[in-house]
Amino acid sequence: MTESVRIVEVGPRDGLQNEKTPVSVADRIAFIEALVDAGLHTIEVGAFVSPKAIPQMVNSDQVLRGVDHHASSEFHVLVPNEKGYEAARAAGAKVIAVFASASEGFSRANINCSVAESIERFKPVIDKAKADAVRVRGYISCVLGCPFDGEVKPQAVADVAKVLWDLGCYEISLGDTIGVGTPLKARQLLRAVSGVVPMTNLAMHFHDTYGQALANLYAGMEEGARVIDSAAGGLGGCPFAPGATGNVATEDVVYMLEGMGIATGVDMQKLVAATNAVSRLIGRPPLSRVAGAMNAKQRLAN
Ligand code: HMG
Ligand code: MG
């Protein structure tokens, strides 16, 4: 079993990209600063994608420029192509994430090209990033099922993972975009992909649509995976993945890890406060079970 875990907080990007209520640049920056203050140091803060595709992520350059760049903080942004890379670089990005899919249907819906074409698009982005000493993370979506193509074989994921790894991504994040995975499938997936990318360089990015994300993470940790993507409050989803709900909630992940004796360095009270603040902005309560329990306890105490 993994003994230490690194959390990649994706709330300000994955969390907000699917929300109907727009969140201002100032509020996005305040959310990120609150997450940093709660002890989360690796945070995905925005996306340099087409504003027609994801209007929620417009002005990600202002967000990236506006956040306090502490020495201990690492801010990531999504980049789909060279245009996005140039904008991200101009805004001072030091870590970018390219995003591919294991299935053709989702690739087409999300980034309007085939999986092979997306890899061709990423090549010049990764080359430029290397020249600029910008680190590149690689996402693969639909690793446990696709809303358009159905079942996705672990081998299909491993094939894309190998290509992204060979191109120079330092970490491959495995996205259960529509949250359909179950623990044994998550385990088989990690076994297959760790045959081509070291387990230490794999991240688990599990959405919680069917309530399986924590169990899937635990199964992955038993295999030795030790990087977890999560979103404060269980925010998240992708407008191009019909029916998908949020990422596994950071509060729930932190609660599980601390309960297993794995220190996270996260201050739960501060994290729940950050979640509550963003929940008020978007006008709905957090999906996180832990935030819900702590808020209920607080109400009873008052
Ligand atoms: P396209 O229409 O094929 O691209 O979109 P294009 O090159 O033909 O350009 C079309 C228009 O977009 C042009 O503007 C471009 O300038 C503009 P127009 O001339 O029509 O006014 N454009 C851009 N604008 C700003 N930044 C850019 C950019 N590129 C082109 N970088 C494209 C292809 C990839 C751009 C588009 O489909 C897109 O932006 N898709 C992003 C979709 C997205 O962000 N999805 C959510 C993130 S992925 C996710 O959530 C999954 C993940 O969480 C893991 C998991 O859970 O599985 C990561
Ligand atoms: Mg996601």
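This is a predicted model: local features need pLDDT of at least 70, side-chain atom pairs count only at pLDDT 80 or more; totals for chains, interfaces and linings use all residues.
Q: Which helices and which strand each supply at least two residues of the shell around ligand 1?
A: The shell around ligand 1 divides into 12 nonpolar, 11 polar and 5 charged residues, and among the 28 residues around the ligand Gln17, Lys52, Asn112, Ser141 and Thr177 come nearest. The elements that each supply at least two residues of this shell are helix 1 (11-15), helix 4 (82-90), helix 5 (104-111) and strand 5 (135-141).

Q: How much of the area that ligand 1 exposes when taken alone does the protein bury?
A: A polar side-chain atom of His207 lies 3.0 Å from an oxygen atom of ligand 1, while an N or O atom in the side chain of Ser141 is 2.7 Å from an oxygen atom of the ligand. For the side chain of Thr177, the corresponding distance from an N or O atom to an oxygen atom of ligand 1 is 2.5 Å. Taken alone, ligand 1 exposes 1100 Å², and the part of this that the protein buries is 72%.

Q: Is Cys142 buried or exposed?
A: Cys142 lies in the loop between strand 5 and helix 7 (154-167), and its phi is near 60 degrees, a positive value in a residue other than glycine. Most residues other than glycine have a negative phi. Because the relative accessible area of Cys142 is 0% and the cut-off for burial is under 20%, Cys142 counts as buried.

Q: What is the relative accessible area of Asn59?
A: Asn59 has a positive phi of about 65 degrees although it is not a glycine, and its place is in the loop between strand 2 (42-47) and helix 3 (60-66). Asn59 is partly exposed, and its relative accessible area is 36%.

Q: Where is Arg284 placed?
A: Arg284 is partly exposed, with a relative accessible area of 29%. The place of Arg284 is in the loop between helix 11 (268-282) and helix 12 (289-301).

Q: How far apart in space are Val272 and Gly237, C-alpha to C-alpha?
A: Val272 is found in helix 11, and at 4% relative accessibility Val272 counts as buried. Val272 and Gly237 are 35 residues apart in sequence, and their C-alpha to C-alpha distance in space is 20 Å.

Notes:
Residues are numbered from 1 along each chain as its sequence is written. Chains are lettered from A and ligands numbered from 1 in the order in which they are written. Side-chain values use heavy atoms; hydrogens and water are left out. A residue is near a molecule or strand if one of its heavy atoms lies within 4 Å of it. A polar contact is a pair of N or O atoms within 3.5 Å; within protein, one must be able to donate a hydrogen and the other to accept it, and residues adjacent in sequence count only if both atoms are side-chain atoms. Accessible areas come from the Shrake-Rupley method with a 1.4 Å probe; for residues, only the protein chains shown count as cover. Helices (H or I, at least four residues) and strands (E, at least two) are DSSP runs, numbered from the N terminus. Ala, Val, Leu, Ile, Met, Phe, Trp, Tyr, Cys and Pro count as nonpolar, Asp, Glu, Lys and Arg as charged, and the others, Gly among them, as polar. Buried means under 20% relative accessible area, exposed over 50%, partly exposed in between (1.4 Å probe, protein chains only).
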